[in-house]
Amino acid sequence: MYSIDAIHHDDARHIDQHIAPDTIALSVWSPPYHVGKEYERDQSFIEWKAMLRRVIDAHQTILKPGGFLAINIADILCFKDPSMPRIMAENISRRKRGDITREKVLEAMKEHPGASRYEIARILGCSEQTVDRRLKGNNIRGGKYEAQTRVKLIGEMLEGFAQEAGLYLYDRRVWVKDAAWDNSRWHTVSYRAVDEFEYIYIFWKPGTTIIDRDRLSKDEWVAWGSRAVWHIPSVRANDDHEAKFPLELPRRLIQLLTAQEDVVLDCFMGSGTTALAAIQENRHFLGVELDENYVRLSMAKINTLIGRGETRRFDFAEAL
Ligand SMILES: C[S@@+](CC[C@H](N)C(=O)[O-])C[C@H]1O[C@@H](n2cnc3c(N)ncnc32)[C@H](O)[C@@H]1O
């Protein structure tokens, strides 16, 4: 069995083998989005779907009756579909600036060996994010550059998996991030919008749910508790993990949907954000993460936060 207040190096598909039934008051996580990140290489769309289905299915036992599963995810905006007709586009706009291509970035790096991404960006007259995207092959809509791509909606798929597992869609919220293009001198050759929002789907396990309106102040209810749209700036720094969500996102869910002493699970723990939010809210946490480096990273962050490695009944203010 997994110990509480710790991060475990394991596959999220196995959580129901290591967590006792009816333990978790809230499970909150953000899985791989199937958009070509480093940690999802070599996983086909079919395999990705099967993974999500299994992980959601595992929640039918481990969640407390009346408890919740909150999934943060986005639609796939560049879903590769070789069977679709090629989009025929004639670009008649005059471009004032030349495109920053991967070749141009590589050329500048060759000419200026040892220059940082920021210096290369300055030399090319673009943002550091553009340089990063060109090097990694990502584009601003959260996918790889491919010719035949369409938008793939994800919500109904998750709803179906949850319903098979006896969990019901209780609520959904939209997380509006700061616009990714705000500080990137970006222009496009299509009419598609840039990626600036994601979803939070909240599923409920049948049972008694305590409704305690005092968990939030009146101001908090007005600002976000009763609101379907949450404005929370995204995490820009990709220094230690390439897809972190902001601490405020799990923190709100924890404050809203759990009581003190409850156990909060994140089985795609990444850099440990959910655990930090749980500590902040005086809840217990349980984390699972497939990549050993991220297990170490998240435990280090937690230990720094609470000092002396003590992970039970901590006082967040004191730990700081
Ligand atoms: C979108 S990131 C989550 C980031 C996290 N919310 C944070 O703020 O740092 C998804 C994480 O899931 C991990 N992962 C991928 N497949 C997994 C699996 N089958 N079981 C557990 N973790 C997995 C990846 O290594 C990655 O760290």
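So, what share of the contacts in the protein chain with a separation of 6 or more comes from residues 24 or more positions apart? It's 75%. Keep in mind that this is a predicted model.

Okay, the overall picture. The chain has 320 residues, and 47% of them count as buried. On the secondary structure side, we've got 11 helices and 10 strands. The accessible surface comes to about 16900 Å², with 51% of that belonging to carbon and sulfur atoms.

Now the inside. The largest nonpolar core has 39 residues, and among those with the most contacts inside it are Trp 29, Trp 48, Ile 56 and Cys 267. Several elements each supply at least two residues of this core, including strand S2 (24-29), helix H6 (155-164) and strand S9 (263-266). Which element gives the largest share? That's H2, with eight residues.

Nine of its 10 residues are buried, so H8 is largely enclosed by the rest of the structure.

Helix H9 (residues 273-280) and helix H10 (residues 292-306) pack with their axes 9 Å apart, at an angle of about 20°. Angles under 35 degrees count as roughly parallel, so that's what we call H9 and H10. The crossing of H9 past H10 is right-handed. At the contact, Ala 275, Leu 276 and Ile 279 from H9 meet Lys 301, Ile 302, Leu 305 and Ile 306 from H10.

His 34, in the loop between S2 and H2, isn't a glycine, yet its phi is positive, near 60°. Buried or exposed, then, for His 34? Buried means under 20% relative accessible area, and His 34 has 19%, so it's buried. Asn 282 also has a phi near 60°, and you'll find Asn 282 in the loop between H9 and S10. Asn 282 is partly exposed, though, with a relative accessible area of 28%.

That's my tour, thanks.

Key:
Residues numbered from 1 in each chain as written. Predicted model: local features only at pLDDT ≥ 70, side-chain atom pairs only at ≥ 80, totals over all residues. Heavy atoms only, no water. Core = buried A, V, L, I, M, F, W, Y, C linked by side-chain atoms within 4.5 Å. Buried < 20%, exposed > 50% of the residue type's maximum accessible area, 1.4 Å probe, protein only. Helix = DSSP H or I, 4+ residues; strand = E, 2+ residues; numbered from the N terminus. Contact = heavy atoms within 4.5 Å. Areas by Shrake-Rupley, 256 points an atom, 1.4 Å probe, with all protein chains shown as cover. Axes fitted to C-alpha atoms, helices over the stretch in contact; angles between N-to-C directions. Parallel < 35°, antiparallel > 145°, perpendicular 65-115°, else oblique. Left-handed = near helix turned anticlockwise from the far one by under 90°.
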